[in-house]
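Subject: Structure for you to look through

Hello,

Here is the structure I said I would pass on. Please open it beside this email, and then read the notes below it.

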Amino acid sequence: MKDLEHLVQKAICQYLDMRGVCYFAVPNGGKRNKITAIKLKAEGVMAGVPDICIVHEGQAFFLEVKRPKSD
């Protein structure tokens, strides 16, 4: 089964690219080994941070991406 949340976030990023909008993704998810997790935490990575940060026309927006619900 494909990772639906990944596909949704990828589509959002493609749309933002097409529109020329400034954004960046925050790589907070995924499985990591303990050493990498410790390093990332020391660098400021923390749970609960939105997946995409968008800056458009002087305003900041923060987007949390969730996979679509199954029927």
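I begin with the largest pocket. Its lining residues divide into three nonpolar, four polar and three charged. They are D3, E5, H6, Q9, V26, P27, N28, G29, V49 and D51. The volume of this pocket is about 210 Å³. Please keep in mind that this is a predicted model.

Q9 sits in helix α1, which covers residues 4-19. Is Q9 buried or exposed? The relative accessible area of Q9 is 19%, and buried means under 20%, so Q9 counts as buried. Leaving out residues up to four places away in sequence, Q9 touches A25, D51, I52 and V65. One of these, D51, also lines the largest pocket.

N28 belongs to the loop that runs between β1 (22-25) and α2. Which residues does N28 touch, not counting those up to four places away in sequence? They are V45, M46 and V49. For N28 and V45, the C-alpha atoms are 6.4 Å apart, although 17 residues separate them along the chain.

V49 is in the loop between α2 and β2. With a relative accessible area of 27%, V49 is partly exposed. Again leaving out residues up to four places away in sequence, V49 touches V26, N28 and E64. V26 and N28 are also among the residues that line the largest pocket. From V49 to A25 the C-alpha distance is 10 Å, and the two are 24 residues apart in sequence.

K41 is part of helix α2, residues 34-42. K41 has a relative accessible area of 66%, so it is exposed.

E57 lies in the loop between β2 (52-56) and β3 (59-63). What is the phi of E57? The angle is near 50°, which is a positive value in a residue other than glycine. E57 is exposed, and its relative accessible area is 72%.

Now for the whole chain.

How many helices and strands does the protein chain have? There are two helices and three strands, and along the sequence they follow the pattern α-β-α-β-β. The radius of gyration is 14 Å, whereas the globule rule gives 11 Å for 71 residues; the value is well over the rule, so the chain is more spread out than a compact globule. Along the principal axes, the C-alpha atoms fill a box of roughly 40 × 35 × 15 Å.

What share of the 71 residues is buried? The figure is 17%, and Q9 is one of the buried residues. The chain exposes about 6100 Å², of which carbon and sulfur atoms supply 59%.

Last, the contacts. Among contacts in the chain with a separation of 6 or more, 59% are between residues 24 or more positions apart.

Regards

Terms used: Residues numbered from 1 in each chain as written. Predicted model: local features only at pLDDT ≥ 70, side-chain atom pairs only at ≥ 80, totals over all residues. Heavy atoms only, no water. Helix = DSSP H or I, 4+ residues; strand = E, 2+ residues; numbered from the N terminus. Buried < 20%, exposed > 50% of the residue type's maximum accessible area, 1.4 Å probe, protein only. 1 Å grid on protein atoms, 1.4 Å probe; cavity = no way out; pocket = protein on both sides within 12 Å on 5 of 7 lines; lining within 4 Å. Points joined across faces, edges and corners; volume = space filled by probe spheres on them. Nonpolar A, V, L, I, M, F, W, Y, C, P; charged D, E, K, R; others polar. Rg over C-alpha atoms; globule rule 2.2 N^0.38 Å. Contact = heavy atoms within 4.5 Å. Areas by Shrake-Rupley, 256 points an atom, 1.4 Å probe, with all protein chains shown as cover.
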